[in-house]
Amino acid sequence: MEKAIELIDVRKHFNGTHAVRGVSFEVLDGETLVLLGSSGCGKTTILKMINRLIEPSSGVIRINGKDILGQDPIEVRRSIGYAIQGIGLFPHMSIADNVSVVLRLKGWPEDKKRDRTGEVLDMVGLEPETFGPRYPDELSGGQQQRAGVARALAADPAILLMDEPFGALDAVTRNVLQQELLKLKQTIKKTIVFVTHDIFEAFTLADRIAVLHEGRLQQIGTKEEIISAPKTEFVKDLLLRPIEQLKDFKEAH
Ligand SMILES: Nc1ncnc2c1ncn2[C@@H]1O[C@H](COP(=O)(O)OP(=O)(O)OP(=O)(O)O)[C@@H](O)[C@H]1O
Ligand SMILES: [Mg+2]
């Protein structure tokens, strides 16, 4: 399989804070790679570097074999769908306008834009007639998250970056959206980098998981590979925590 995304020894420091300390990994075409790690380990910074919202301090990032630093950042950004942490809908724009914002930047004609906006709203389970004209604060948190995913899908990018897109939701809604994303993946066949700090979410969605800790890659592999042979103490602890929680829960019931 072809490599869709490749990071080689990528580092990022912000005046003294080492956010990313030499990370290398590949994401294959059509694969979902989940970046898993606790708060502050560098997940968002990595996604933003892939999208050229942040420039790396050093290292190489390639998309489809081409170094992105040699390309127009705006073009790079428009070729990638990005669902940002904390939803990030524009509050003064309708849901339809939010979803079609990239299509507008790309100069799509009005009728094509309207059709595509309806199509992606349908994909994420938001009825276009009902939700298109509303403003973000007229939607529930879960519906806003859906709109954020619709916006990322609108221009049909081959690559989707999703930064804790279901992070702010209750467990039930979160589960529904995870299952829907799994279904959607089968029909849209995209390369996805999905960020979470939730190990269960990682296990549900990932083809492979990259575990990060304090700006370093701890291990990358399938769920089975990571469970059967955790490489570092951090990964061992990470795996033990939910198992301990389950044990406690079972003993209490
Ligand atoms: N613009 C910035 N200036 C200075 N430090 C920054 C900046 N952006 C991020 N950092 C620091 O870099 C580290 C990694 O941040 P990052 O946002 O990538 O973490 P994260 O893994 O996404 O965390 P979370 O799960 O809380 O979203 C943190 O210590 C953060 O404080
Ligand atoms: Mg983050």
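# Talking through the sheets, core and domains

Trainee: What makes strand E9 and strand E10 (residues 216-221) a pair?

Mentor: Five bridges join E9 to E10, and the two run antiparallel. Pairing takes at least two bridges, so with five of them E9 and E10 count as paired. One example is Val 211, whose bridge partner in E10 is Gln 219. Do keep in mind as we go that this is a predicted model.

Trainee: What happens between the strands of that hairpin?

Mentor: Two residues lie between E9 and E10, and Glu 214 takes a positive phi near 45° there.

Trainee: Why is E9 described as largely enclosed?

Mentor: Look at its residues, 208-213: five of the six are buried, so the rest of the structure largely encloses E9. On its other pairing, four bridges join E9 to strand E3 (residues 32-36), and these strands run parallel. Leu 35 of that pair stands opposite Ala 210 in E9.

Trainee: And E8, what makes that strand enclosed?

Mentor: In E8, six of the six residues are buried, so it too is largely enclosed by the rest of the structure.

Trainee: How do you know that both faces of E8 are covered?

Mentor: Side chains in a regular strand alternate between the two faces of the sheet. In E8, Thr 191, Val 193 and Val 195 lie on one side, with Ile 192, Phe 194 and Thr 196 on the other, and all of these are buried. Being buried takes 20 or more other C-beta atoms within 10 Å, so each of those residues reaches that cut-off.

Trainee: Which strands does E8 pair with, and in what direction?

Mentor: Five bridges join E8 (residues 191-196) to strand E7 (residues 159-163) in parallel. Within that pair, Ile 159 has Thr 191 as its bridge partner, and Asp 163 has Val 195. Five bridges also join E3 to E8, again parallel, and here Leu 36 stands opposite Thr 196.

Trainee: Why is the pairing of the whole sheet called mixed?

Mentor: The six strands form an open sheet in the order E6-E7-E8-E3-E9-E10. E3 and E9 run parallel, whereas E9 and E10 run antiparallel, and the sheet's pairing is mixed. Strand E6 (80-83) and E10 are the edge strands: each has a single partner strand, so one side of each lacks a neighbour in the sheet. On average, neighbouring strands are turned by 15° against each other, direction ignored.

Trainee: What is the strand order of the four-strand sheet, and which strands are at its edges?

Mentor: That sheet is open, has the order E2-E1-E4-E5 and pairs antiparallel. Strand E2 (17-28) and strand E5 (66-67) each have a single partner strand, so one side of each is left without a neighbour in the sheet. Further in, five bridges join strand E1 (residues 3-14) to strand E4 (residues 58-63), antiparallel, and Glu 6 stands opposite Arg 62 in E4.

Trainee: Asp 9 lies in E1. Is Asp 9 buried or exposed, and how do you know?

Mentor: Asp 9 has 12 C-beta neighbours inside 10 Å, and the cut-off for exposed is 12 or fewer, so Asp 9 counts as exposed. Its phi is near 45°, a positive value in a residue other than glycine.

Trainee: What stands out in the largest nonpolar core?

Mentor: The core has 63 residues, and those with the most contacts inside it are Val 34, Leu 35, Ala 150, Leu 161 and Val 193. Helix H7 (residues 141-153) gives the most to this core, with five residues. At least three residues come from each of domain 1 (3-79 + 158-252) and domain 2 (92-150). Leu 161, for its part, touches residues including Leu 47, Ile 50 and Val 193.

Trainee: How many residues of domain 1 and domain 2 are in contact, and how far apart are the domain centres?

Mentor: Nine residues of domain 1 are in contact with 10 of domain 2. Helix H8 (residues 171-188) gives the most to the domain 1 side of this contact, with four residues. That side divides into six nonpolar, one polar and two charged residues. The C-alpha centres of the two domains lie 26 Å apart.

Note on methods. Residues are numbered from 1 along each chain as its sequence is written. Chains are lettered from A and ligands numbered from 1 in the order in which they are written. This is a predicted model: local features need pLDDT of at least 70, side-chain atom pairs count only at pLDDT 80 or more; totals for chains, interfaces and linings use all residues. A nonpolar core is a set of buried Ala, Val, Leu, Ile, Met, Phe, Trp, Tyr and Cys residues joined through C-beta atoms within 7 Å. Domain bounds come from an automatic or database domain assignment. Two residues are in contact if their C-beta atoms, placed from the backbone, lie within 7 Å. Axes are lines fitted to C-alpha atoms, for helices over the stretch in contact, and angles run from 0 to 180 degrees between N-to-C directions. Ala, Val, Leu, Ile, Met, Phe, Trp, Tyr, Cys and Pro count as nonpolar, Asp, Glu, Lys and Arg as charged, and the others, Gly among them, as polar. Lists of a residue's contacts leave out its neighbours within four places in sequence.
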